[in-house]
Amino acid sequence: MNYLAHAYLSFHDPDITAGQLIADFVKGKKVDDYPAPLRKGILLHRALDGYTDQHPASKTARDIFRPSSGLYGGVFLDVVYDHFLANDPARFPLPTLERFAQETYAAVDERLPLLPASFRQMFAFMQSQNWLYHYHERDAILRSFGGIVRRSKYFQHPAAVPYSVFTAQYRDFRDCYNAFIPDAENFMKSLTKELS
């Protein structure tokens with residue numbers, strides 16, 4: 001779900017960006033069906049997901065969601081991290097965020113025929129609605145939560161429930177993001193270099 005973070009932590013490499021964005025649509029050994037540069041992005045995405053899940057700040061943030069959202073807290077947290085990344089002035093002043101979003105869409109467009117059909121369908125909405133840019137808006141987070149709830153088989157509450165937790169604990173979530181993002185950057189820079 002955290003498309004902006006995966007794109008950002010691809011460090012402007014178009015192949016890695018596309019690979020990171022399709023990773024949730026590529027199951028198991030299907031990764032071997034893709035060219036090496038895209039495979040690298042998929043593997044980096046999987047490593048980042050594992051790192052995010054294990055990070056102490058993510059555990060703290062999931063615990064904030066847990067009473068209302070159970071195990072779905074981690075899914076909502078991915079979107080929350082994208083929101084704070086989009087609003088991080090050290091990383092994305094708004095004109096830079098818009099340019100970055102367009103750069104990311106262009107990287108994917110150039111590789112679109114190679115990408116999974118299910119991803120291409122979703123990507124059409126992502127691009128036309130400019131999700132990456134709009135993550136900076138709180139209303140967009142509510143819409144993203146709504147999408148998670150609609151696709152969920154087991155989450156029993158309306159999107160307003162986790163969204164109310166997000167707004168009530170906004171500063172706590174921001175603190176978790178601030179503790180997480182520099183560590184994630186260092187982890188991904190190191191792993192990207194290692195895989196080169």
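Contact, throughout this tour, means heavy atoms within 4.5 Å. The model is predicted, so local features need pLDDT of at least 70 and side-chain atom pairs count only at pLDDT 80 or more, while totals for chains, interfaces and linings use all residues. Residues are numbered from 1 along each chain as its sequence is written, and side-chain values use heavy atoms, with hydrogens and water left out.

**Stop 1: Thr-52**

Select Thr-52, which sits in helix H3 (residues 36-54); helices here are DSSP runs (H or I, at least four residues), numbered from the N terminus. With a relative accessible area of 5%, Thr-52 is buried, where buried means under 20% relative accessible area, exposed over 50% and partly exposed in between, using a 1.4 Å probe and protein chains only. Leaving out residues up to four places away in sequence, Thr-52 touches Ser-58, Arg-62, Tyr-81 and Phe-180.

**Stop 2: H4 against H5**

Next, select helix H4 (residues 56-69) together with helix H5 (residues 73-86), whose axes lie 8 Å apart and pack at an angle of about 120°; the axes are lines fitted to C-alpha atoms, for helices over the stretch in contact, and angles run from 0 to 180 degrees between N-to-C directions. That angle makes H4 oblique to H5, given that angles under 35 degrees count as roughly parallel, over 145 as roughly antiparallel, 65 to 115 as roughly perpendicular and the rest as oblique. On the H4 side, the contact is made by Ala-57, Ser-58, Ala-61, Arg-62, Phe-65 and Ser-69, and on the H5 side by Gly-73, Gly-74, Phe-76, Leu-77, Val-80 and Tyr-81. Sorted by class, the contact of H4 with H5 has seven nonpolar, four polar and one charged residues, with Ala, Val, Leu, Ile, Met, Phe, Trp, Tyr, Cys and Pro counted as nonpolar, Asp, Glu, Lys and Arg as charged, and the others, Gly among them, as polar.

**Stop 3: Tyr-72**

Move to the loop between H4 and H5, where Tyr-72 is placed. Tyr-72 counts as partly exposed, at 22% relative accessibility. Not counting residues up to four places away in sequence, Tyr-72 touches Ser-152, Lys-153, Tyr-154 and Phe-155. The side chains of Tyr-72 and Ser-152 make a polar contact at 2.9 Å, that is, a pair of N or O atoms within 3.5 Å of which, within protein, one must be able to donate a hydrogen and the other to accept it, residues adjacent in sequence counting only if both atoms are side-chain atoms.

**Stop 4**

**Stop 5**

Now select Leu-132 in helix H8 (residues 131-134), which counts as buried at 0% relative accessibility. Apart from its neighbours within four places in sequence, Leu-132 is in contact with Tyr-3, Leu-4, Leu-97, Ala-101, Thr-104 and Tyr-105. Asn-130 is found in the loop between helix H7 (117-128) and H8, and has a positive phi of about 50° although it is not a glycine. At 11% relative accessibility, Asn-130 counts as buried.

**Stop 5: His-12**

Finish in the loop between helix H1 (3-8) and helix H2 (14-22), the place of His-12. Phi of His-12 is near 65°, a positive value in a residue other than glycine, and His-12 is exposed, with a relative accessible area of 54%.

Methods
Helices (H or I, at least four residues) and strands (E, at least two) are DSSP runs, numbered from the N terminus.
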